[in-house]
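I opened my notebook to look up one protein model. I wanted its fold, its surface and its pocket.

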Amino acid sequence: MQMNASSIVNQKAEWEKLGVKLPAFDHAAMTAATKEHPIWVHFGAGNIYRGVIAAQQQRPLNEGAADRGIIAADTFDYDFID
C-alpha cells in the first residue's frame with residue numbers, strides 16, 4: 001500500500017486498521033481551494049517542514065479552522081546529486 005491522495009479515500013478502512021490517523025478534512029476540497037487562492041508558499045520542504053511547519057497547518061485543517069494548505073516548493077536538484 002502506498003499513501004497518496006487517492007489511497008486516503010479509497011483505502012481509508014485499511015489505513016485506519018493499521019492505526020494510521022488520516023486527515024479529518026476533505027483533502028480534495030482543500031487542494032482545490034489552495035490551488036485557487038494560495039495563502040502560504042514554503043521553500044525547502046525538508047524534515048523540519050514536514051515535522052513542524054506542516055503539522056502546524058494540519059491542526060487547523062483538521063479542526064475546520066482553515067480551508068487551505070501549504071504549497072511546498074523544494075529546491076532540491078536531483079540532476080546535481082546524480
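My entries follow in the order I made them.

I noted that this is a predicted model, where local features need pLDDT of at least 70, side-chain atom pairs count only at pLDDT 80 or more, and totals for chains, interfaces and linings use all residues. Residues are numbered from 1 along each chain as its sequence is written, and side-chain values use heavy atoms, without hydrogens and water.

Fold. I looked up the secondary structure and found five helices and two strands. Helices are DSSP runs (H or I) of at least four residues and strands (E) of at least two, numbered from the N terminus. The order along the sequence is α-α-α-β-α-β-α. I read the span of the C-alpha trace along its principal axes as about 40 × 30 × 20 Å.

I then took contacts (heavy atoms within 4.5 Å). Of those with a separation of 6 or more, 50% join residues 24 or more positions apart.

I looked up the largest pocket, with a volume of about 540 Å³. Its lining has 23 residues, and Phe25, His27, Met30, Gln58 and Ile70 are the closest to its centre. A pocket is an open set of points on a 1 Å grid where a 1.4 Å probe fits, with protein on both sides within 12 Å along at least five of seven lines; lining residues have an atom within 4 Å of a point. The volume is the space filled by probe spheres set on the points, which are joined across faces, edges and corners. Helix H4 (47-63) is among the elements that supply at least two lining residues, as are helix H3 (27-36) and strand E2 (71-73). H4 gives the most, with six residues.
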